[in-house]
Amino acid sequence: MGGVPCNHTLIFLSLILFILPSALAISSENVEGYSINGRVKFPGSVIGPGLPPKISDVKVILNGGQRVTFLRPDGYFSFHNVPAGTHLIEVAAIGYFFSPVRVDVSARNPGKVQAALTENRRVLSELVLEPLREEQYYEIREPFSIMSIVKSPMGLMVGFMVIVMFLMPKLVDAEEMKRAQEEMRNQGTPSLANFLGGAQRTS
Amino acid sequence: MNMAIRVFLLLLIILSSTYPTLCIYEDQVGHLDWHQQYIGKVKHAVFHTQKAARKRVIVSTEENVVASLDLRRGEIFWRHVLGPNDVIDAIDIALGKYVITLSSGGTILRAWNLPDGQMMWESTLSGSTPSKSFLSIPTNLKIGKDDVVFVYGSGCLYAVASIDGEVIWKKELTSEGGNIQQLIYPDGTDIIYAVGLVGLAQFDAYQINVKTGELLKHSSMVFPAGFSGDLSFITSDIAMTLDSTGSVLVAVHFQVGAISFHQTHVSELGRDFSGAAVMLPTKLPGMFALEINKSIVFIKVTNEGKLEVVDTLGRSTAVSESLYLSEGQQVFGLVQQGYGKIILTVKLGNDWRSNLLQETIQMDYHRGIAHKVFINTYARMDSSNGFRALIVMEDHSLFLLQQGEIVWSREDGLASITDVIASELPVEKDGVSVAKVEHNLFEWLKGHLLKLKGTLMIATPDDIAAIQKMRLQSTEKSKMTRDHNGFRKLLIVLTRAGKLFALHTGDGRIVWSLLLDSLRKSETCQNPRGLSLHQWQDPHHHVLDENPSVLVAGRCDLSIDSPGVLSIVDTYTGQERNRMRPAHSITRVIPLPFTDSVEQRLHLLLDVNLQAHLYPRTTEALDIFLRELGNIYWYSADVDRGILKGHAVQNNCILEIADSYCFDTRDLWSIVLPSESEKIVATATRNLNEAVHTQAKVTSDQEVMYKYISKNLLFLATVAPKAVGPIGSVTPEESWLVVYVIDTVTGRILHRMTHHGSQGPVQAVFSENWVVYHYFNLKAHRYEISVIEIYDQSRLDNKDILKLLLGKHNLTSPITAYSRPEVITKSQSYFFTHSVKTLAVTSTAKGITSKQLLLGTIGDQVLALDKRFLDPRRTINPTQAEKEEGIIPLTDSLPIIPQSYVTHALKVEGLRGITTVPAKLESTTLVFAYGVDLFFSRLAPSRTYDSLTEDFSYALLLITIVALVTAIFVTWIWSEKKELQEKWR
């Protein structure tokens with residue numbers, strides 16, 4: 001989708017933001033409130049074109065939906081006119097798990113960043129939000145293997161039968177077997193044919 | 001034999017050790033679920049058709065959505081849902097590649113890349129005085145090298161560079177109560193004019209230097225009679241408005257430096273114009289429109305300043321803004337209403353009599369009237385101008401018309417669902433069955449072989465495509481009759497436009513739709529809106545000869561004491577069966593647990609005067625009601641004053657006209673919350689239809705715990721008045737959250753607990769004997785979810801067998817809501833990562849299946865969480881016995897397993913609510929999540945233990961059976977041979 005003509009502006013914008021190092025800060029603007037500026041960074045993403053395409057669908061949410069903003073092409077975001085206090089920033093991005101971030105906006109020393117991930121209490125020196133992990137929503141199909149067949153109920157059924165047929169006779173003592181066979185011979189042979197025939201008759 | 005048992009046990013362990021998540025495979029998407037994307041009622045539309053390979057239209061809607069739609073098919077190219085408070089004021093296109101949106105009362109300006117919707121820049125325009133706002137993008141005006149966007153908002157005029165959103169200059173123009181309404185760019189100068197009204201009686205004109213924003217000249221003039229409404233700009237130096245009575249038209253001439261007023265009485269325009277007129281916000285060349293006497297009058301202003309009535313049309317006419325053609329002419333479109341059709345007319349601005357285009361289009365009556373029209377032009381083959389029109393109808397649907405035909409339509413009313421109810425489909429009657437002809441055995445086997453290949457991952461891409469197609473086109477799931485498992489139902493949804501839709505759960509298609517006349521704007525109902533949906537008739541005994549129906553309750557105006565409206569709609573046919581215009585207001589609809597002989601449910605409607613009205617109004621219903629009079633209780637919560645009250649029915653109302661269906665009510669109890677320390681933020685009650693299978697819970701140490709199950713329990717949450725605002729507005733020390741569990745019959749507080757340092761918003765769900773609620777812990781600065789479980793202590797003695805034998809138990813004592821049983825509560829809290837928009841719980845037919853909580857997260861996903869994680873008996877080190885019972889070791893936070901997202905990789909943008917409906921199959925529950933998008937899926941919280949999954953491989957079963965049978969015969973032959981050898985020896 002990314003049109004070719006906009007790439008130049010992307011580079012241009014990212015250059016501007018490169019030159020401005022103070023972008024990651026809480027800066028006081030006017031009496032009404034302060035600004036929170038930050039950045040969302042995805043693993044393996046580089047500044048400029050070639051970002052993951054999802055970036056346009058990422059939302060940054062302040063205080064549980066009080067305000068919602070979106071990411072600029074370079075991953076930066078900002079909230080303006082935020083009153084002093086302790087705030088919560090959440091990032092909603094499909095496919096990634098972000099920890100909410102606690103951001104302290106202090107009226108006494110404006111310009112100081114105080115941010116910490118709420119999940120693992122890691123303190124951020126600058127407001128760069130990275131996903132804690134990727135989220136895999138689908139179960140991955142196991143590739144075809146003999147084990148998967150063996151593990152399935154059908155496989156277990158066959159396996160059980162094989163065990164009974166081939167392993168069980170081995171477990172039984174050979175002497176005992178012979179004796180049993182002899183006994184059987186004395187009683188007449190209950191062959192499978194008789195057995196099946198009997199079953200057919202009764203059914 | 002021993003070994004067989006061991007093998008069997010091993011098998012069991014393998015099977016039971018799998019984790020109970022709902023995981024689905026990627027190729028199953030769309031099989032059990034459907035997802036529909038909408039945008040809402042379009043407010044503004046800007047076409048982008050010139051020099052563009054993909055023709056598109058950019059729209060902004062009442063759901064705060066900005067979207068780019070494909071002009072050919074109406075599909076969404078991209079879409080952004082802004083925050084709930086971020087109302088879009090205006091949109092436009094700048095530089096031919098950026099979509100500019102102005103939102104939040106003119107304070108936030110954003111630019112979106114036209115092809116892909118990436119936000120390019122965002123500017124916050126902070127001003128002090130709230131005012132109206134608008135956006136103006138001049139063509140061919142540059143400041144320095146920059147193309148510029150002018151924004152007026154918060155009393156200031158801003159010039160913003162359209163390439164990067166930098167504010168070039170800012171000029172504060174008006175003080176309190178002033179509104180600039182138009183910017184005028186005279187050609188060839190560096191001056192712009194800003195004109196508007198200040199207060200109610202002053203007209204102001206400003207001259208501003210474009211380059212610097214310097215105010216060159218400010219002139220104003222007071223009109224003593226006062227203005228009403230907005231200005232309508234005729235030319236670059238004449239504006240029309242009305243005086244405060246609405247009977248005098250004022251033409252304001254504001255040529256360079258001088259302002260003058262010319263008054264014309266409305267009645268001078270024609271004999272039949274009387275009464276107050278209203279100026280309509282139109283932008284027509286040399287013309288304006290007034291609404292007088294329920295009709296729209298178009299008035300032309302001639303060059304000499306004379307007013308001339310050109311036409312009078314019906315009130316239901318929609319007018320577009322004017323559009324510039326390449327030859328410098330201006331055209332505009334009109335949509336007039338006919339019965340079952342609409343007439344689109346495109347006229348030249350300076351010539352009313354001739355039409356460039358007139359088309360009649362058949363339009364369903366249930367779309368209502370046209371609300372908005374936007375026109376766009378294209379070059380025809382013969383290089384004349386063709387026109388297409390985008391039309392927004394009363395039911396919020398969107399149409400594109402071109403060459404007299406509907407090119408595409410969108411049902412965007414479904415973006416604003418206010419209530420949902422599920423209804424059964426008709427029973428399949430003998431003889432009309434259409435099933436069982438589509439499959440023969442060979443095809444059935446082939447399908448299953450394909451599926452087997454899919455599960456074994458030896459399928460080729462073609463096979464996978466075939467499997468997908470087979471699954472999606474399964475006719476079984478979209479049939480119009482009831483199924484054995486109860487998966488097929490109708491979802492009846494009520495939208496903000498007052499339209500009812502019936503959606504089929506199988507594929508989400510619209511079965512019928514009905515624009516309720518009672519919820520349409522009319523003489524008696526100025527601002528009607530739907531309140532709620534209720535099951536009116538749900539026949540079980542008369543299932544073949546009675547159709548189920550729903551009751552739609554609404555009210556006529558925004559105020560709570562405005563008269564109510566009621567409609568009863570047949571859910572099979574979608575026809576309105578009955579319509580009522582009760583004289584009383586409706587504050588609440590209470591469905592009673594009684595039905596009459598035709599299975600119509602009794603409903604009690606409460607009005608603002610605390611009178612209760614019984615429906616249906618039949619003597620039979622009245623008899624049933626009077627019999628049960630003593631058992632009917634309800635509660636009311638006055639959020640503003642912090643008072644909770646219990647009510648019961650007393651006797652018939654004393655009215656001038658006797659009404660035996662109207663009852664006075666009495667207060668039973670009241671709880672007054674201290675207003676200085678507590679403010680009600682949330683309430684939750686049990687769903688009345690919920691089935692509870694077992695009253696008792698057997699713990700690992702053979703103890704029995706009796707659940708306290710009462711339909712009359714209320715969960716109430718209050719916070720400190722300071723902590724009502726959002727997070728960040730209050731410190732932990734001055735904030736607390738108090739939760740109550742209250743019996744609504746007696747007003748007894750069963751449980752009260754304070755969470756210090758916590759605040760709302762609180763989301764809560766009540767089910768069986770437990771309540772789960774989500775809130776924010778300010779001390780830890782994390783969200784928390786707590787659970788309260790209520791157990792009945794008074795029935796504990798019943799487990800003594802000796803007493804049971806001797807008859808000294810209280811099992812036979814009647815259970816009454818008046819008794820004061822000893823209850824104990826157990827509670828536990830856990831951290832949860834995300835903000836939660838809405839909470840719901842799964843419900844199944846018999847209540848046997850374990851429950852899952854459904855959390856609608858801030859990221860617009862729906863997460864399913866096992867109730868086992870919210871068990872107050874969780875400990876850090878559960879004993880072996882407890883582990884066997886299924887108690888999970890205690891952790892401080894609740895796990896988020898990505899595979900248990902019900903919505904998997906999809907988003908239900910603008911999520912507002914989740915509804916669960918039990919299927920007939922006990923293991924399964926139907927989940928419907930709605931917001932701007934709709935999502936439906938089937939959930940099995942404990943897996944489908946009572947049926948084979950649809951993925952079950954019959955082919956593998958057959959193969960196994962065949963293999964086993966052949967194995968039997970092979971071994972038989974072997975043993976015969978062996979026996980023969982034995983005999984020969």
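Residues are numbered from 1 along each chain as its sequence is written, while chains are lettered from A and ligands numbered from 1 in the order in which they are written. Because this is a predicted model, local features need pLDDT of at least 70 and side-chain atom pairs count only at pLDDT 80 or more, whereas totals for chains, interfaces and linings use all residues, and side-chain values rest on heavy atoms, with hydrogens and water left out.

**View 1. The disulfide between Cys525(B) and Cys556(B).**
A search of the whole structure finds two disulfides over all chains, a disulfide being a pair of cysteine sulfur atoms within 2.5 Å. In the pair shown here, Cys525(B) is joined to Cys556(B) with an S to S distance of 1.8 Å. The bond links distant parts of the chain, 31 residues apart: Cys525(B) sits in the loop between strand 40 (510–515) and strand 41 (529–537) of chain B, and Cys556(B) in the loop between strand 42 (549–555) and strand 43 (564–570) of chain B. Strands (E, at least two residues) and helices (H or I, at least four residues) are DSSP runs, numbered from the N terminus. The torsion about the S-S bond of Cys525(B) and Cys556(B) is about -50°, so this disulfide is left-handed. Cys525(B) is buried, with a relative accessible area of 0%, and Cys556(B) is buried as well, at 4%; buried means under 20% relative accessible area, exposed over 50%, and partly exposed in between (1.4 Å probe, protein chains only).

**View 2. The disulfide between Cys653(B) and Cys662(B).**
The sulfur atoms of Cys653(B) and Cys662(B) lie 1.8 Å apart, and the torsion about their S-S bond is about -80°, so this disulfide is left-handed. Both Cys653(B) and Cys662(B) are buried. With bonded cysteines counted along the chain, the disulfides of chain B follow the pattern 1-2, 3-4.

**View 3. The interface of chain B and chain A.**
The size of an interface is often given as the accessible area lost when the parts come together. Chain B and chain A bury about 6500 Å² between them, 63% of it on carbon and sulfur atoms, where buried area is the accessible area (1.4 Å probe) that two parts lose on being put together, summed over both. Tyr25(B), Gln118(B) and His781(B) supply 9% of the area that chain B buries against chain A, more than any other three residues. The contact (heavy atoms within 4.5 Å) takes 82 residues from chain B and 70 residues from chain A.

**View 4. Polar and charged pairs between chain B and chain A.**
Three salt bridges are found across the interface of chain B and chain A, a salt bridge being a side-chain nitrogen of Lys or Arg within 4 Å of a carboxyl oxygen of Asp or Glu. Asp860(B) forms a salt bridge with Lys59(A), and the closest N and O atoms of this pair are 3.8 Å apart. Among the elements that give two or more residues to the side of chain B that touches chain A are helix 1 (2–16), helix 2 (441–456), strand 59 (782–792) and helix 7 (954–984) of chain B. Helix 7 of chain B provides the largest share of that side, 12 residues.

**View 5. Cis peptide bonds in chain B.**
Most residues other than glycine have a negative phi, and most peptide bonds are trans. A cis peptide bond joins Tyr615(B) and Pro616(B), with omega about -5°, and Pro616(B) is found in the loop between strand 47 (611–615) and helix 4 (619–627) of chain B. The peptide bond from Gly760(B) to Pro761(B) is also cis, with omega near 0°, and Pro761(B) lies in strand 57 (residues 758–767) of chain B.

**View 6. Positive phi at Arg121(A) and Ser154(B).**
Although Arg121(A) is not a glycine, its phi is positive, about 60°. Arg121(A) is found in the loop between strand 9 (115–117) and strand 10 (123–124) of chain A and is exposed, with a relative accessible area of 55%. Ser154(B), likewise not a glycine, has a positive phi of about 55° and is found in the loop between strand 13 (146–153) and strand 14 (156–161) of chain B.

Notes. A polar contact is a pair of N or O atoms within 3.5 Å; within protein, one must be able to donate a hydrogen and the other to accept it, and residues adjacent in sequence count only if both atoms are side-chain atoms.
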